[in-house]
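Please have the sequence and the model open side by side.

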Amino acid sequence: MIIRATCLLPMTGPPISPGWLEIQNDKIIQIQSGTPSHCDLDLAGYLIAPGLIDCHCHLDYTLLRNRIPPTQSFVDWLKKIIQLKTTFSLEDYRQSILNGFEELIDHGTTTVLNIESFLDVIATLQPPIRTYWAIEGIDIKTPFHFPKKNQALSPHAPYTASETLYQFAKQEAEKNKKLFTTHVNESYEENEMFLSRSGKLYDFLRELGRDMSDCQGKDALNCLLEKKMLPQGALLTHCNYLTTSAFEKIKKINAVIVHCPETHAYFNRKPFPYDHFHQHHIPVVLGSDSLASASTLSLLANLQQFHRTQPKLSYKTLLRMVTLDAANALRQTDQLGCFKPGAFADVIAVPFSPQNDPYETMVNYTKKVPFVMSAGKILRAV
């Protein structure tokens, strides 16, 4: 298949205008400038770019859209989540995931790292896009064992997953080269719990029967790092409240930070420390998180929200966060997030006028993405 367009964004090089792609099966064969002698799909008047990569999503919670009003209290939100989760069946969650996939596709996401709590649901699904299932482990009240067959491991957070669970996940990730992701230093209440042995989260978890002996005056991330519970290349989600010493430690394990701008705004948290990560050459990528705390699963909406807080960032830098940088985080360098021979044929297209900046056009697109291809399969046609 040959696709021509008014402009191509390879991401590994400058924009090509006009240009065309040749695709065989699920891979890109070549990228060329100019006009081909013939084409199978004519996207004149469109900008095409690599499909977007969501590095943190909870598709289980798509059914929670607009059910929890915005709050600054993480504990109140957590209690509401726990209460609501008991009201749904496995079939409800299965449909929730399917609806979530549709929303991801609507907004140009072709790869997702999905945090999955309901293992029985996975076997019943055929994901329409490339999906890394990160199995979520929580053993605050009962033991948890990661299944032998898994693509990624996600001990939920230091306040819900034990040191034993973290160490197992780390060893499994290192031994079998699997992705490892966890929530850490997300809220003020989490910091308060570990640093001062007090606060709403401390009281709530103590009442649930959690062993609180690990709360010894150090924040959660430093506890994980000092006890060597994180593997190289770990994806650390949120990291909103960090000490100065944490940045060099994060860099030493080549960790990647996953920021979720819509959720950050929902909780009205203090500014995300992007400049510190940038200064320490720590990569930051984006996730949509969940509709329990965000209004949309659109990565483009999350980029726009992030740009409002980081107006100095270029549109090219922003788009890299959900293409090239995200591909690197998922260990898919040269396979995802770019147009080059041998890369997967993940392609999205939006209307484009040649006088406009292509990176700005893509980042600021607000409607449903009219053309989406994943692994050479057209999911949305113009």
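Predicted model: local features only at pLDDT ≥ 70, side-chain atom pairs only at ≥ 80, totals over all residues.

Residues are numbered from 1 along each chain as its sequence is written, and side-chain values use heavy atoms, with hydrogens and water left out.

**Largest pocket**

- The largest pocket holds about 770 Å³ of space.
- A pocket is an open set of points on a 1 Å grid over the protein atoms alone, where a 1.4 Å probe fits, with protein on both sides within 12 Å along at least five of seven lines.
- Volume is the space filled by probe spheres set on the points, and grid points are joined across faces, edges and corners.
- 31 residues line the largest pocket, and Tyr61, Ile82, Lys85, Glu136 and Ile138 lie nearest its centre; a lining residue has an atom within 4 Å of a point.
- At least two lining residues come from each of α1 (74-85), β7 (130-137) and α6 (200-208).
- α1 gives the largest share, 6 residues.
- Helices (H or I, at least four residues) and strands (E, at least two) are DSSP runs, numbered from the N terminus.
- The lining has 14 nonpolar, 11 polar and 6 charged residues.
- Ala, Val, Leu, Ile, Met, Phe, Trp, Tyr, Cys and Pro count as nonpolar, Asp, Glu, Lys and Arg as charged, and the others, Gly among them, as polar.

**Second largest pocket**

- The second largest pocket holds about 340 Å³ of space.
- Its lining has 21 residues, with Ala161, Ser162, Glu163, Arg210 and Asp214 closest to the centre.
- α4 (163-176) and α7 (220-226) each give two or more residues to this lining.
- By class, the lining of the second largest pocket has 10 nonpolar, 5 polar and 6 charged residues.

- In β9 (residues 179-184), 6 of 6 residues are buried, meaning under 20% relative accessible area with a 1.4 Å probe and protein chains only.
- Leu179, Thr181 and His183 point one way from β9, and Phe180, Thr182 and Val184 point the other way.
- β8 (residues 152-155) runs parallel to β9, joined by 2 bridges; strands pair if DSSP finds at least two bridges between them.
- Leucine 153 stands opposite phenylalanine 180 of β9.
- From β8 the chain passes through α4 to β9, a right-handed β-α-β crossover: with the strands pointing away from the viewer, the path from the first strand over the helix to the second runs clockwise.
- β10 (residues 235-238) also pairs with β9 in the parallel sense, over 4 bridges.
- Valine 184 has histidine 238 in β10 as its bridge partner.

Conventions
Buried < 20%, exposed > 50% of the residue type's maximum accessible area, 1.4 Å probe, protein only.
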